[in-house]
Amino acid sequence: MSDKMKIMHVVTSLGSGGAEGMLYRLIKSSNESIEHCVICLDKGGKYVSLLRKEGIDVLVANFKFISLPIRLLRIYQFSKLKRNQGYRIITSWLYHADFVAWFIKLICGFEGLVWNIRNSKLQRGRLSIKNWLFLKILSKLSHIRVNNIISCSTSAGEIHKNIGYRKDIFKIIPNGYFLNKNSIFDKETKNYDGVFRICMVARWHPKKDFENLFQALNSLKSKNVMFNLTIAGNRTGPDNKELVELLKKYEIYDFCSLLGEVNNIQKVYKNSHVNVLSSAYGEAFPNVLVESMLNFTPCISTDVGDSSIILSEVGFVIPIEDSNALADALTEYRRILRDENSVYLNYCVKGHDKVNEEYYIEKIVRKYLNVWESII
């Protein structure tokens, strides 16, 4: 038997996304002690080439209904080959991958199966009947042949337990991040020249509740507060007519920069005084909060997912769908920035230090390793 632990991952996608990014960071930070391979159910994405660059064997199944038997055969052959090579544990990421991985374990004789829970948008009103029934099936399967369920947030774990997932096998492991231990805080990027610089990093989606932020900023505008809002993320460019019309509705279009997807998101964070997450639902462990804190930018977040844990003592958490509370929080950050600059700068440093202490990837890899070791 090989000295290395061998883990096969099954993931729905390898495009841009929180789960996909976490899988990549986990593999990249542990590939000297653990051997990994990956099955991607859809057509792939940016992490396929990045993982292959790390020497990881990646099967892109490219699921299509018209060729489903052929795709399933490829998955079976790949899984059987890896089992014969000494792979003993499957770790799956996202719901459809959990479902497929359950059958791979059954058919190919893997010893362990670990599911990953990555979101908290399970209210009936937020899901179609078909998706709700699918989750109920998964909850039943979780009681059979699943060794552990890893949730990236406490809130998501509780929601899944409440719909029937097996409670005693849950492990809470937050996302981990690459850190630059030698990063230096450039205080000049936080200089206040009378314009309050705000950013929102999010894809264009109803759950992100952009309108909540726009209402709050309209309130600031009515009080003659000078600000600039930078928005970055999928479908947030100037060609999004719905977004532009919403900004014009609240009379703040001229105070906004619409970037769409950008390669250097760190620059967006660093050049902002505060980062806002205004989501109404659907967040588990909001990556944008940690990423912002890594770049010395404090945050305001609605009370979604584990935002209250992430921002405890280092940021502001407000009720969902409460634009008045958001406006008050923005006003308070601006006051601190302007009148108590040393306090503001301390927020910047404390947030960065908290990420370094609690969410660095090597610490999170150790937690995953403990789960895998407990199975075999």
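Q: Which residues form one aromatic cluster?
A: This is a predicted model, so to speak plainly about its rules: local features need pLDDT of at least 70, side-chain atom pairs count only at pLDDT 80 or more, and totals for chains, interfaces and linings use all residues. Residues are numbered from 1 along each chain as its sequence is written, and side-chain values use heavy atoms, with hydrogens and water left out. Rings of Phe, Tyr and Trp (its six-membered ring) pair if their centres lie within 6.5 Å; planes under 30 degrees apart are stacked, over 60 edge-to-face, and the rest tilted. The cluster is formed by Phe99, Trp102, Phe103 and Phe134.

Q: How many aromatic pairs are there by this rule?
A: The ring rule just given is the one to apply here, with centres within 6.5 Å. The count of aromatic pairs comes to 17.

Q: How far apart in sequence are the parts that the pair of Tyr24 and Phe178 ties together?
A: These two rings are edge-to-face, 6.4 Å centre to centre with 90 degrees between the planes. Helices (H or I, at least four residues) and strands (E, at least two) are DSSP runs, numbered from the N terminus. Tyr24 lies in helix 1 (residues 18-28) and Phe178 in the loop between strand 7 (170-172) and strand 8 (196-201), so the parts tied together are apart in sequence by 154 residues.

Q: Is Tyr24 buried or exposed?
A: Buried means under 20% relative accessible area, exposed over 50%, and partly exposed in between (1.4 Å probe, protein chains only). With a relative accessible area of 11%, Tyr24 is buried.

Q: How far apart in sequence are the parts that Phe185 and Phe296 tie together?
A: Phe185 and Phe296 are stacked, 4.8 Å centre to centre with 15 degrees between the planes. Both are buried, Phe185 at 16% and Phe296 at 7%. Phe185 lies in the loop between strand 7 and strand 8, and Phe296 in the loop between helix 10 (287-294) and strand 12 (299-302), so the distance in sequence is 111 residues.

Q: What is the distance from the backbone oxygen of Tyr269 to a polar atom of the side chain of Thr297?
A: Thr297 is found in the loop between helix 10 and strand 12, and this residue is buried, with a relative accessible area of 1%. The backbone oxygen of Tyr269 and a polar side-chain atom of Thr297 lie apart by 2.6 Å.

Q: Which helix holds both Glu332 and Arg335?
A: The side chains of Glu332 and Arg335 meet in a salt bridge (2.8 Å, N to O). Glu332 is partly exposed at 28%, and Arg335 is partly exposed at 29%. They sit three residues apart, about one turn, in helix 12 (residues 323-339).

Key. A polar contact is a pair of N or O atoms within 3.5 Å; within protein, one must be able to donate a hydrogen and the other to accept it, and residues adjacent in sequence count only if both atoms are side-chain atoms. A salt bridge is a side-chain nitrogen of Lys or Arg within 4 Å of a carboxyl oxygen of Asp or Glu.
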